[in-house]
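Me: I'd like to walk through a structure with you, one question at a time. Shall we put it on the screen and begin?

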Amino acid sequence: MWVVISRSCIPFRVVIGLLLDAWIREAGYGKEPVLKSVGLRLEEGERVLVVGASGSGKTTMMLAIAGVIVNLLGGVTRGRISLAGIDPLTPTGFRQVPRVAGFVLQDPDKQLAMPTPLDEVLFTLENLGWGEEEASRRAREVLARFGLEGVELEWVENLSGGQKRRLTLAA
Ligand SMILES: Nc1ncnc2c1ncn2[C@@H]1O[C@H](COP(=O)(O)OP(=O)(O)OP(=O)(O)O)[C@@H](O)[C@H]1O
Ligand SMILES: [Mg+2]
């Protein structure tokens, strides 16, 4: 799983500092925590590979940082997290996460819902309240930024694995 944190929409005070500053005291889904005392700090341009045995909690760490465990899965994340200046553990902060961070899960097919790349990006933009014309212009712009120019109207099932992963980030 990859996590990409975007600089666009990030307030200036954050751009000059860390993009991610997380200290997870405890995170998990039930009584027993999966993670204890884990920290992760990322500066702009840094790439970090998180390595660990299967079941050790890598995905859990990313879900905790994105606020998914507390806000969607009914689990626990205790600690402090600043993701591009947002606190994803609060419901208000959690709603802002898609504006600054993108997740590519292990199986991109589970993340794509629409028949074509254009529809997929339009779906997100229209949910964010963009009007039809502006959303269409911006969707094509975003698809081009992620190297998907020329396949905007292709069936998603015909895209390569890499193209699907780029599409999950674009959307
Ligand atoms: N939604 C969930 N509800 C309950 N327990 C879960 C859930 N997701 C993961 N777990 C448990 O949390 C632990 C850590 O799982 P996680 O998926 O974070 O591991 P991982 O390091 O990403 O493994 P892999 O390398 O196989 O992807 C495992 O014991 C797993 O069974
Ligand atoms: Mg995993």
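Predicted model: local features only at pLDDT ≥ 70, side-chain atom pairs only at ≥ 80, totals over all residues.

Me: How many helices and strands does the chain have, and in what order do the elements run?
Reply: The chain has seven helices and five strands. Read from the N terminus on, the order is β-α-β-β-α-α-β-α-β-α-α-α.

Me: How is the chain divided into domains, and what distance separates their centres?
Reply: The domain assignment gives domain 1 as 2-104 and domain 2 as 109-170. Taken over C-alpha atoms, the distance between the centres of domain 1 and domain 2 is 25 Å.

Me: Now for the sheet: how many bridges join strand 2 to strand 3, and how many join strand 2 to strand 4?
Reply: Strand 2 (residues 20-28) and strand 3 (residues 35-42) run antiparallel, and they form a hairpin with six residues between them. In this pair, Leu20 stands opposite Leu42. Strand 2 also runs antiparallel to strand 4, where Gly28 has Val76 as its bridge partner. The bridges number seven between strand 2 and strand 3, and between strand 2 and strand 4 they number eight.

Me: Which strands stand at the edges of the open sheet?
Reply: Three strands make up this open sheet, in the order 3-2-4, with antiparallel pairing. Each edge strand has a single partner strand, so one side of it is left without a neighbour in the sheet; the two are strand 3 and strand 4 (76-83).

Me: And the ligand: how do the residues of the shell around ligand 1 divide by type?
Reply: Ligand 1 is surrounded by residues including Tyr29, Val34 and Leu73. Gly52 also belongs to these surroundings, as do Ser54, Gly55, Ser56, Gly57, Lys58, Thr59 and Thr60. By type, the shell divides into three nonpolar, seven polar and one charged.

Notes. Residues numbered from 1 in each chain as written. Chains lettered and ligands numbered in written order. Near = placed C-beta within 6 Å. Nonpolar A, V, L, I, M, F, W, Y, C, P; charged D, E, K, R; others polar. Domains from an automatic or database assignment. Pairing = 2+ DSSP bridges. Helix = DSSP H or I, 4+ residues; strand = E, 2+ residues; numbered from the N terminus.
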